[in-house]
Amino acid sequence: LLLLLLVRLSGQRMIVPYVLQFFIGGRMMLSSRLLRPQHLPSVLWRGKMVQMSTVSLNQELTHVDEAGKAMMVDVSEKSVTKRIAVAGAKIFVPQFVMDAIKDNSVKKGDVLTVAQIAGIQGAKETAKLIPLCHPLPLSSINIIFSLDQETDGVTAPQHVVNVYAMAVTSGQTGVEMEAMTGVSVAALTVYDMVKGLNKACTIGDIRLLFKSGGKSGTQELNDHKRAIPQEFINKIHQLSS
């Protein structure tokens, strides 16, 4: 489909003789020699419009080698700094499932305790699950939950199990993936514990909320719908002081 689009944009019938490189590191890449530059469409790249031919494989991606093959980044030259990451996830459940979680009446057992342990285990196994992640010696990984209702002002309120993970290490690369994996595994475990009651429960909004340390410094990515728990805020201040 993309080849047909490019041919149409070129205004003439032609065979594109070069290789398209797709979806490396979550971005679509094109060889800089595909077509004449004036015929290449522009794309949104890191906040600005650029022609596809100007997107450089070597300049933009750190997890590929010069041949475009996947590789693990060498972090040996990076400084060891304190690394913190907070991630969140949501599990949407009907009211009777939420009541069962609150009352600890789910037949499989204590939903949140089992999910907390699973999230911790998952975070520690991140490098085995995500191929290009570096194994990290975690200083701590904490999983907490909140049971809430959410509404957009139009539809009926939804019952939500919020999952939060905070990962900490001192190292040469960040712990964002450990926090993200922790909440993902914890959310999946909540689903596994309650699916006997309702298989229509859904998981969503898995996202990074905060990170600090390393070259990119501190970034707060939360919004009013997903505030970082006060317990984690206090811990971040304690570790940063």
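A residue is counted as buried at under 20% relative accessible area, as exposed at over 50%, and as partly exposed in between (1.4 Å probe, protein chains only). By this criterion, 38% of the 241 residues of the protein chain are buried. The structure is a predicted model, in which local features need pLDDT of at least 70 and side-chain atom pairs count only at pLDDT 80 or more, whereas totals for chains, interfaces and linings use all residues. Residues are numbered from 1 along each chain as its sequence is written, and side-chain values use heavy atoms, with hydrogens and water left out.

The secondary structure of the protein chain consists of seven helices and nine strands; helices (H or I, at least four residues) and strands (E, at least two) are DSSP runs, numbered from the N terminus. The protein chain exposes about 14,100 Å², of which carbon and sulfur atoms supply 55%; these areas come from the Shrake-Rupley method with a 1.4 Å probe, and for residues only the protein chains shown count as cover. Contact denotes heavy atoms within 4.5 Å. Among contacts in the protein chain with a separation of 6 or more, 64% are accounted for by residues 24 or more positions apart.

Strand 7 is largely enclosed by the rest of the structure, because twelve of its 14 residues are buried.

A nonpolar core is defined as a set of buried Ala, Val, Leu, Ile, Met, Phe, Trp, Tyr and Cys residues joined through side-chain atoms within 4.5 Å. The largest such core has 29 residues, and those with the most contacts inside it are Ile91, Val111, Val163 and Val194. At least two residues of this core come from each of strand 5, helix 3, helix 4, strand 6, strand 7 and helix 6. Helix 6 gives the most, with seven residues. Leaving aside neighbours within four places in sequence, Val163 is in contact with Ala87, Gly88, Ala89, Ile91, Ile143, Ile144, Phe145, Val183 and Ala186. A second, separate core comprises eleven residues, including Ile84, Tyr164, Leu209 and Phe210.

Helix 6 spans residues 176-194 and contains Thr189. Thr189 is buried, with a relative accessible area of 13%. Beyond its neighbours within four places in sequence, Thr189 is in contact with Val114, Ala115 and Ala118.

Helix 3 (residues 95-103) has Val97, Met98, Ala100 and Ile101 as its buried residues. These residues lie on the same side of helix 3, because they cover an arc of only 160° around the axis, the arc being that of the directions from the helix axis to the C-beta atoms. An α-helix has 3.6 residues a turn, so residues three or four places apart point the same way. Exposed Lys102 and Asp103 are carried on the face of helix 3 turned away from its buried side.

Most residues other than glycine have a negative phi. Asn104, which follows helix 3, has a positive phi near 55°. Asn104 is found in the loop between helix 3 and helix 4 and is partly exposed, with a relative accessible area of 45%. Phi of Asp205 is likewise positive, near 55°. Asp205 belongs to strand 8 (residues 202-212) and is partly exposed at 35% relative accessibility.

In helix 7 (residues 230-240), Lys235 is partly exposed, with a relative accessible area of 32%. The C-alpha atoms of Lys235 and Met166 are separated by 9.3 Å, although the two residues are 69 residues apart along the chain.

Cysteines were also examined. A disulfide is a covalent bond between the sulfur atoms of two cysteines, identified here as a pair of cysteine sulfur atoms within 2.5 Å. By this rule, the count comes to zero disulfides. Cys133 is buried, with a relative accessible area of 13%, and Cys201 is buried, with a relative accessible area of 6%.
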